[in-house]
Amino acid sequence: MTDPAFEPLRRHPIPALRLEFQEYRHRVTGARHVHLTAEDPHNAFLVAFLTVPQDSTGVAHILEHTALCGSQRYPVRDPFFMMIRRSLHTFMNAFTSSDWTAYPFASQNKKDFNNLLDVYLDAAFFPLLDERDFAQEGHRLEFARPDDPASDLVFKGVVFNEMKGALSSPVQRLAQELQRRLFPTTTYHHNSGGDPEVIPNLTYAQLKAFHARHYHPSNAIFLTYGDIPAAEHQARFETQVLHRFQALKLDLAIPPERRYTAPLVDLTHYPSDGGQDPRDQTHIVLGWLLGPITDPLATLRARLLSDVLLDNSSSPLRHALETSKLGAAPSPLCGFDTATREATFVCGLEGSDPERAEAVEASILDVLRQVADQGVPQDAVDAALHQMELSEREITGDGFPYGLRLLMEALTPAIHGGDPITALDSDPLLEQLRVESRAADFIPNLARRLLLDNPHRVRLTMAPDPALAGKQAAAERERLAAIRATLTDADQARIVARARTLTERQQRQDDPELLPRVGLADVPPELKIAQGVDRPVGILPATWYAQGTNGMVYLQAILDLPALEPDELDVLPLFCACLTEVGSAGRGYRTTQARQAAVTGGLSARVNVRGGVDDVHQVRGVLVVAGKALARHQAALSDLLWETLTRARFDELPRLRELVAQMRAHREEAITDHGHLLALAAASSTLSPVAALNHRWDGLQGLRHLKALDDGLDEAETLAAFAARLERLRDRLQSMPRQLLVVSEAERQDALAETLAARWHNEPAAAAAEPFGLTAPEAQPPRQGFAINTQVNFCAKAYPTVAPNHPDAPALHVLGDFLRNGYLHRAIREQGGAYGGGAGYHPDSGAFRFYSYRDPRLADTLADFDRALDWLHTHDHPARALEEAVLGVIGAIDKPGSPAGEAISAFFGALFDRTPEQRRAYRRRVLKVTLADLQRAATIWLQPEQSRCAVLSDARTLAEQADLVIATI
């Protein structure tokens with residue numbers, strides 16, 4: 001059944017995904033609707049527009065923010081964030097890509113879904129676009145003290161600071177600089193997110209004109225997924241939006257890029273710490289422009305070539321990059337990318353030097369010529385095809401709803417006039433590729449045509465410049481000084497008045513009842529938790545979950561950790577990182593990597609350490625070695641997992657050296673993307689053993705240890721000693737008690753049991769061992785600062801509180817949402833200009849934590865954390881504010897995962913005493929939290945003298961904070 005306003009175009013069943021593709025067109029405006037109908041109540045929606053900025057003012061990005069600040073039907077100042085707390089959504093966001101803008105959400109509750117649909121439709125098509133919201137979200141001029149014209153003039157704005165933070169990441173800066181050179185004439189030449197040096201050039205009038213031109217139904221595509229019929233969606237599209245529009249002839253299509261006739265070579269720079277040695281800090285990459293992504297078969301061929309070259313350490317190009325003496329690690333940009341209308345392929349090195357650029361380019365081209373001349377083993381091609389099949393088969397959804405993932409995959413070709421079916425139903429194309437790839441010259445011909453004989457190639461070298469940050473800051477000061485020199489008294493008065501008007505708007509309390517809502521009455525009565533069955537494999541304990549995994553098998557081996565010496569504890573995360581990357585069962589690491597790619601979806605190793613539900617100082621830890629595979633490879637998965645666990649090789653010393661260098665490079669480049677998490681880890685590190693371990697392993701303390709290790713491994717004796725530490729730990733863990741976790745479809749489990757029994761039947765008896773434990777955290781200064789290369793700050797403050805089973809834990813959990821909703825969002829984001837901020841209870845460490853992300857402020861933000869608690873106690877709070885906070889916590893608790901992910905979560909929850917009974921009881925306690933509980937818990941547990949602060953910022957800003965102890969990284 002179809003709404004009469006829409007014309008049905010085609011229907012196409014996709015059995016591999018258990019859904020039907022349906023496509024429609026709106027008869028009047030030409031708006032497109034793609035619906036993926038599935039027996040899944042987890043419905044998803046997005047509306048997207050082709051957006052093609054012609055400069056780097058960030059107009060598309062700032063419009064995405066501003067459109068969510070009120071609309072005709074919902075004239076409140078902040079409907080997006082208000083709906084976050086009035087909803088049971090499983091996902092809400094908005095995205096600006098380089099050539100499209102999308103507004104997606106998902107929900108399991110139909111009432112909630114339709115509420116969100118109404119708000120999203122009105123926001124996209126009928127936003128108020130208030131000039132004050134443009135100033136808040138985009139950019140504005142203000143005095144440092146807004147009411148004092150004698151104070152410094154500054155730029156402010158959420159997107160302005162967001163992009164300062166984004167471009168503080170060398171990798172993001174590299175990606176932008178490379179794209180600018182690969183696309184010299186089209187929209188991709190510009191930074192769609194916005195360049196902070198250019199963002200202040202954007203005018204309010206330009207923003208409104210961009211919306212009028214791009215946010216029209218004739219330029220829109222609606223995508224939906226789930227069990228709500230297409231006709232129901234279309235009826236709302238028509239009544240809420242489309243009946244108000246006529247067709248508009250638009251010419252926004254992105255033309256083919258003008259092709260280079262010869263490769264381009266260029267050099268650029270990124271800001272670096274003046275105290276850092278610039279050697280081995282340069283990025284060198286080669287990028288190629290390929291063909292249009294609207295040709296699905298050509299796109300799959302290019303992807304196959306990329307995977308054959310780069311997929312794993314046995315792949316020829318990745319092997320050459322990993323073992324190269326010209327740099328520390330393969331560039332994180334390596335790979336095939338379809339985010340632009342014409343695809344790109346990139347490879348290169350990080351941790352190099354500018355004078356090595358020619359040698360890096362030569363080494364890459366040598367590998368490509370070798371592939372073109374000699375080909376690659378057919379097994380490598382088959383393994384790459386296997387990985388492509390597996391990625392299409394697996395049902396994901398643990399971090400991003402599965403339905404939305406499918407919609408995003410369909411969006412990329414659809415927005416450019418391609419066929420979205422081929423992005424979803426790739427089996428016929430994969431079968432054609434299998435046939436084509438049997439030809440010995442298939443991969444060689446692709447390597448020649450797409451890469452070696454393709455002159456549209458860029459070699460970009462990005463070197464550190466310790467003076468660049470200072471130059472950028474000086475240029476911004478000079479620009480502001482020049483503006484200030486032109487200001488009359490009347491101009492200054494207008495700036496003060498605009499700041500006052502914006503503050504008044506930010507302080508205004510809109511009527512939330514103008515928005516739709518769900519309430520606690522709409523919350524499901526019980527939490528759904530996957531149920532497992534105990535079924536030993538021989539004498540080995542095993543837990544089995546029957547889940548709809550679409551032909552996938554998930555297998556995990558879990559070992560109890562013994563008591564560990566400090567040296568063993570430090571090496572354990574490195575052991576996990578290396579375990580599945582080295583050889584096993586007598587094979588070299590390249591042969592093992594090739595075997596993994598041929599028969600599995602990957603192996604991984606990790607350690608889980610959690611505090612007790614009654615006492616966070618009582619900890620338990622396990623080592624987990626995990627893998628997944630298509631069901632036809634279940635026996636091979638079992639063998640590989642067992643061999644990895646019992647017969648891993650740590651005697652290939654050059655491989656260990658490469659892995660540590662890669663770990664360091666990846667950790668260092670991720671600092672500015674995860675700055676708030678690193679600040680939270682540092683602030684919490686003295687509050688409980690688990691929090692201390694997080695800082696020691698995954699935080700800045702862990703990075704400091706990793707850098708020291710990496711600096712010493714060029715000495716042969718040190719490298720051999722490191723390998724010996726890994727071997728000793730491997731041997732020690734062999735005798736620890738172990739068990740298996742198996743997740744698959746029910747009908748496959750008998751065969752799986754026979755397969756596992758054949759390999760895991762003669763497990764050694766577990767030896768008695770002292771149980772794993774952690775010592776009390778070491779004392780640290782209560783206020784620490786860490787200097788990094790950044791134009792913005794990351795602030796955190798933490799308090800020791802209680803374990804999950806304590807009566808106050810649910811109140812503290814709700815308190816985080818309550819403070820964010822009612823105070824922190826306004827103070828830190830809207831008024832302070834940070835990209836994000838909030839607070840929350842962390843049950844594993846028993847800590848309550850505040851944070852900010854990409855924040856232009858430091859001391860004022862730390863003060864706002866304290867003022868939030870004053871606000872809690874001194875202001876009146878409506879009942880709905882508590883209900884919204886409780887709703888947010890319940891939504892997070894109830895958020896679904898993938899079929900396999902829900903089983904794995906249930907198993908490990910029970911392993912650490914988060915049993916279904918405990919989790920459901922905790923949820924019931926959350927639903928009973930009162931405002932008095934929040935105030936009482938805050939009074940008892942959030943005592944100023946118990947707090948700990950940590951800040952990541954640049955060295956100059958930290959030096960201005962007299963009360964911070966500066967720690968080294």
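Me: Is D844 buried or exposed in this model?

Reply: Burial is read from relative accessible area, and under 20% counts as buried. This is a predicted model, and in it D844 has a relative accessible area of 16%, so D844 is buried.

Me: Which residue forms a salt bridge with D844?

Reply: The partner is R610, and the closest N and O atoms of the two are 3.1 Å apart. R610 sits in strand β20 (residues 603-611), while D844 is in the loop between β25 (836-842) and β26 (847-855); the pair links distant parts of the chain, 234 residues apart. With a relative accessible area of 24%, R610 is partly exposed.

Me: How many salt bridges does a search of the whole structure find?

Reply: The search finds 77. One of them joins the side chains of E392 and R303, at 3.9 Å from N to O. E392 belongs to helix α12 (residues 378-393) and R303 to helix α9 (residues 296-310), so this pair ties together parts 89 residues apart in sequence. E392 counts as buried at 15% relative accessibility, whereas R303 is partly exposed at 24%.

Me: What is the relative accessible area of D714, and what is that of R657?

Reply: D714 is exposed, at 62%. R657 is buried, at 17%.

Definitions and conventions
Residues are numbered from 1 along each chain as its sequence is written. This is a predicted model: local features need pLDDT of at least 70, side-chain atom pairs count only at pLDDT 80 or more; totals for chains, interfaces and linings use all residues. Side-chain values use heavy atoms; hydrogens and water are left out. A salt bridge is a side-chain nitrogen of Lys or Arg within 4 Å of a carboxyl oxygen of Asp or Glu. Helices (H or I, at least four residues) and strands (E, at least two) are DSSP runs, numbered from the N terminus. Buried means under 20% relative accessible area, exposed over 50%, partly exposed in between (1.4 Å probe, protein chains only).
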